[in-house]
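Dear colleague,

Please find the structure below, handed over for your records. My findings follow it.

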Amino acid sequence: MKVLFYPGCSLKSNYPEFEKTSIEVCRKLGVELVEIPKWTCCGVNFSLATDSVMRHLGAVRSLINARKEMNEMDRRSVVAACSMCYNVLKRVNLMLKEDRDKLDTVNSFIDDEPDYVPDVEVVHLLTLLKDVGFEEIESKVVRPLKGLKVASYYGCALLRPKKPEGIPIDDPESPTIMEDLMRSIGAEPVDFPFKTECCGNYHVVFRPDIVEMRAEKIIGSAKSRGADVIVSTCPLCLYNLERGNEALSEDIRVPVVFFTQLLALALGVDSYLKDEVKKRILEGCKEVVAET
Amino acid sequence: MNELAKRVIEISGQNVYACYQCGCCSAGCMFTEKMDILPNQAIALIQRGDESVLEKETPWICASCFVCTVRCPRGLDVAAIMEALREIKIRRRDFVKVDLRKIKEIERLPQIAITAVAQKFTW
């Protein structure tokens with residue numbers, strides 16, 4: 001199955017391991033992620049000012065370029081791995097589906113491209129993997145991560161807001177999609193009450209104290225439930241939680257990795273995990289199958 | 001309707017008069033310990049046309065996590081109201097909340113964080 005992929009800036013700059021493992025894991029499952037040609041930055045945060053469309057234009061341009069390739073694909077979807085990209089593209093697309101005036105405004109402004117027709121859907125990689133089937137994933141596992149205690153951290157962008165309908169990829173207050181996925185690769189999900197809380201977002205730039213306050217609570221909670229590792233779907237959450245780890249004493253720290261890196265490890269493709277993190281993860285597994 | 005409320009409604013699309021001050025937004029907010037007034041208090045000031053709300057830190061501390069929005073029993077997008085308060089200030093072109101040239105350790109920060117803060121805090 002071929003499906004269009006929106007990598008976003010972070011996967012191309014700071015976190016290539018997220019892109020590489022997303023692509024490799026999907027390939028292993030028979031899904032080819034095809035990068036949208038000429039995609040642009042999504043803007044990271046969906047603008048909440050309803051009287052201006054300017055801040056949505058980056059996302060619209062990417063959706064226009066995606067649409068040009070859509071006939072070559074096996075589903076009319078744009079897949080994002082980064083939570084923030086998912087949220088912005090999803091919301092912009094839903095807004096243009098629902099608001100004809102805004103669609104007209106956007107189309108008359110972007111005069112160097114064909115008009116956007118919102119007949120595609122934006123999905124997160126987790127949803128795509130659920131569509132492939134967690135049982136199917138389970139059947140492809142070569143190294144089950146047995147006994148590894150994984151805290152699935154969702155953050156905000158996969159789950160909120162609730163309206164317009166379709167934004168949350170799962171129950172916004174009590175999601176389980178990532179835990180179900182972790183179970184399919186043999187890991188043991190641990191529930192923790194801070195899994196849908198905010199990491200502090202962009203405050204890391206000018207108010208790192210806010211991010212440290214949030215990260216300490218989130219990591220401390222995961223640790224108290226016995227987590228060996230925290231999995232994230234968001235480059236900014238991952239960065240912020242790692243900043244929190246730095247502020248914590250060593251015995252409380254919990255390594256944070258992209259969910260696709262654990263999938264890669266279980267499916268037998270390169271996980272791009274740092275050596276010390278990989279060692280710690282493998283120590284968490286009760287049954288270690290020797291092989292990379 | 002006062003001018004401030006009118007402007008907030010224009011930008012956010014939210015009827016600030018629907019708020020009945022139950023405080024659910026503030027109870028769920030995970031940033032209140034860093035704020036100078038609570039989110040529901042900010043809405044009360046808007047309802048009264050009290051422009052001192054524009055000088056508070058609260059709208060700038062809000063990180064748009066949408067917990068308040070999801071839980072508001074009146075269906076208000078509280079995060080959008082906070083964004084409107086920021087926008088009113090940002091759209092005054094001489095206003096500078098943050099100076100992007102003064103970011104510390106910029107080479108250490110991921111691009112996503114810098115773009116996000118620029119998107120939220122600058123025109």
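May I begin with a question: is A:Ile252 buried, partly exposed or exposed? Please bear in mind throughout that this is a predicted model.

A:Ile252 belongs to the loop that joins H10 and E8 of chain A. A residue is called buried when 20 or more other C-beta atoms lie within 10 Å of its own, and exposed when there are 12 or fewer. A:Ile252 has 15 C-beta neighbours inside 10 Å and therefore counts as partly exposed. Leaving aside residues up to four places away in sequence, A:Ile252 touches A:Ile219, A:Gly220 and A:Lys223. The C-alpha atoms of A:Ile252 and A:Ser221 are 9.9 Å apart, although 31 residues separate the two along the chain.

The sheet of chain A

An open sheet in chain A is built from 4 strands in the order E6-E5-E7-E8, with parallel pairing. Strand E6 (188-190) and strand E8 (256-258) of chain A are the edge strands; each has a single partner strand, so one side of each has no neighbour in the sheet. From one strand to the next, the twist averages 40°.

Strand E7 (residues 229-232) of chain A pairs with E8(A) in the parallel sense over 3 bridges. Within this pairing, A:Val257 in E8(A) is the bridge partner of A:Val231, and A:Val256 in E8(A) is the bridge partner of A:Ile230. E7(A) also pairs with E5(A), again in the parallel sense and over 3 bridges; here A:Ser152 stands opposite A:Val231 in E7(A).

Both faces of E7(A) are covered. A:Val229 and A:Val231 on one side are buried, as are A:Ile230 and A:Ser232 on the other. Helix H8 (residues 177-184) of chain A lies across strand E5 (149-152), E6 and E7 of chain A, and runs at about 155° to E5(A).

Domains and the nonpolar core

The domain assignment divides chain A into domain 1 (2-126) and domain 2 (140-284). The C-alpha centres of domain 1 and domain 2 of chain A are 24 Å apart. Their contact takes 24 residues from domain 1 of chain A and 25 residues from domain 2 of chain A. On the domain 1 side, helix H2 (16-28) and helix H4 (83-98) of chain A each supply at least two residues. By class, this side of domain 1 of chain A has 10 nonpolar, 7 polar and 7 charged residues.

In soluble globular proteins, nonpolar side chains tend to be buried together. The largest nonpolar core in the model has 137 residues, and those with the most contacts inside it are A:Val78, A:Ala80, A:Leu89 and A:Leu262. H4(A) gives the largest share of this core, 8 residues. Beyond residues up to four places away in sequence, A:Leu89 touches A:Tyr6, A:Cys42, A:Ala59, A:Ser62, A:Leu63, A:Val78, A:Ala80 and A:Val122.

The contact between the chains

Chain A gives 33 residues to the contact with chain B, and chain B gives 32 residues. Helix H1 (9-12), helix H9 (208-224) and helix H10 (235-247) of chain A each supply at least two residues of the chain A side. The largest share of that side, 3 residues, comes from H10(A). The side of chain A that touches chain B comprises 18 nonpolar, 9 polar and 6 charged residues.

With kind regards

Key
Residues numbered from 1 in each chain as written. Chains lettered and ligands numbered in written order. Predicted model: local features only at pLDDT ≥ 70, side-chain atom pairs only at ≥ 80, totals over all residues. Contact = placed C-beta atoms within 7 Å. Nonpolar A, V, L, I, M, F, W, Y, C, P; charged D, E, K, R; others polar. Pairing = 2+ DSSP bridges. Axes fitted to C-alpha atoms, helices over the stretch in contact; angles between N-to-C directions. Domains from an automatic or database assignment. Core = buried A, V, L, I, M, F, W, Y, C linked by C-beta atoms within 7 Å.
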